[in-house]
Amino acid sequence: MNHPNEQFVSGELTVRPVMSYRDMGDFINVPWLIYADDPLWVPPLRLERRFHFSKYNPFLQHGEWQAWVAYHHRRPVGRISAQIDTLHRQRYGDDTGHFGLLECVNDTNVFTALMLHAEAWLAARHTRHVTGPFNLSINQECGILVNGFDTPPAVMMPHTAYWYPQLLESHEYFPAKDLLAYRIAVDFDPPPVMKQLIKRHAGQIQVRPLNRKQLAAEMEVLRDIFNDAWSENWGFVPFTEAEFAELGNSLKHLVSDDYVQIAEVNGQPAAFMVALPNLNEVLAELDGRLFPFGWLKLIKKLKRHEIRTARIPLMGVRRQYHNTTLGMALACTVIEAPKKIGIAHGIREVELSWILEDNKSMRSILENIGSTEYKRYRIYGKTL
């Protein structure tokens, strides 16, 4: 992380760059202030946040970032980050940059001070087109919640304050893209057309769980399918090998092999689905602390199948099958896979997220099987 020395001071309002271990502690703790009275907010694990914001984050192999904390009378009242992703610039231009990790009290002066710092840092790096929030990239948590404030977030999805859209729009940020979250009962009954489609191509498609004994190779298979499947989507940035390897290391401790399903066509991997038990059900009770007893509660609930909701964060079908009946059958097959898995693990409801608002084919499939949109997140943009 870079450590600029600039500092914004207006009366008792001060914005300082994160430069030390203690500064990072203030940065991590800001959400506890913002959501103190919000029963639906789920505190992240402080230890995990420390790691995520450290030099070990594989994002830093292709990106740089800076964080700031706003103080009023020495009390943290807001935070923000700015980042440059070289992989994003390679695809979308050398004048692109992002902001993220935005949290602040409902105060225009605090928000403006934070945003001016982020924009100045980005402008100094030749950025003209800013989008966000990304925490820290589009392949991690992203977006501002604009609909669905009445339910808690699923694991690895954001929950943001209701005043952020107004603050962003007042600072000349415009809606760039909406991301949708759908949910469905795990025991859904597929419509006849879906059953027929799967049956029609049953001879070509074989579905299998993750092979944990070859985890590194399996993660590369999933990464290859994902990067191919999503390559033409809005905002796409490819997962690097290191980023997907880190994901694999996390998954192997949290999910059983059948939470990852790989569909093959004539023996060749063609589509996949990754499901996660909704750990937020447990994290909501831990207040960000895994020790001394939080980890025991987490492991116990996983082993006893006491978590009742799940999320599908990753899914993809190879591009060569897009716009074909076989491709539709692949998508339907991996979407139906969580049904048996969920029932076996005590899951009652599944979130499918996120889906681009203009991904009409996927939205059509999800709505035809009975899922409903229940949350909407928004990416904002601005030209400096």
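Colleague: How many helices and strands does the chain have?
Modeller: In this predicted model, the chain has 12 helices and 16 strands. Strand β2, for one, covers residues 13-17 and includes Pro17.

Colleague: Why is Pro17 called buried?
Modeller: Its relative accessibility is 7%. Buried means under 20%, so Pro17 counts as buried.

Colleague: How far is Pro17 from Ala331, in sequence and in space?
Modeller: The two are 314 residues apart in sequence, and their C-alpha atoms are 45 Å apart.

Colleague: What does the radius of gyration of the chain agree with?
Modeller: With the value for a compact globule. For 384 residues such a globule would have a radius of gyration near 21 Å, and the chain has 21 Å, so the two agree. Along the principal axes, the C-alpha trace spans about 70 × 45 × 35 Å. Buried residues account for 55% of the 384.

Colleague: What share of the contacts between residues at least 6 apart in sequence joins residues at least 24 apart?
Modeller: That share is 77%.

Colleague: What makes Lys301 and Glu306 a salt bridge?
Modeller: Their closest N and O atoms are 3.6 Å apart. The cut-off is within 4 Å, so the pair qualifies. Lys301 has a relative accessible area of 21%. Buried would need under 20% and exposed over 50%, so Lys301 is partly exposed. Glu306, at 32%, is also partly exposed.

Colleague: How do you know that Glu367 and Arg363 form a salt bridge, and where do they lie?
Modeller: The N to O distance is 3.9 Å, and the limit is 4 Å, so the pair counts as a salt bridge. Both residues belong to helix α12, residues 360-368; because they are four residues apart there, about one helical turn separates them. Glu367 is partly exposed, with 43% relative accessibility.

Colleague: Is Arg376 buried or exposed, and why?
Modeller: Arg376 has 18% relative accessibility, and the cut-off for buried is under 20%, so Arg376 counts as buried. Its salt-bridge partner Glu373 lies 3.1 Å away, N to O. Glu373 itself is partly exposed, at 30%.

Colleague: Which residues do salt bridges with shared partners join into one network?
Modeller: The network consists of Asp178, Glu357, Arg363, Glu367, Glu373, Arg376 and Arg378. The whole structure has 23 salt bridges.

Colleague: How far apart are the mean positions of the positive and negative charges?
Modeller: They are 5 Å apart, for 42 positive and 43 negative charges.

Conventions: Residues numbered from 1 in each chain as written. Predicted model: local features only at pLDDT ≥ 70, side-chain atom pairs only at ≥ 80, totals over all residues. Heavy atoms only, no water. Helix = DSSP H or I, 4+ residues; strand = E, 2+ residues; numbered from the N terminus. Buried < 20%, exposed > 50% of the residue type's maximum accessible area, 1.4 Å probe, protein only. Rg over C-alpha atoms; globule rule 2.2 N^0.38 Å. Contact = heavy atoms within 4.5 Å. Lys, Arg positive; Asp, Glu negative; His and termini not counted. Charge placed at Lys NZ, Arg CZ, Asp CG, Glu CD. Salt bridge = Lys/Arg side-chain N within 4 Å of Asp/Glu carboxyl O.
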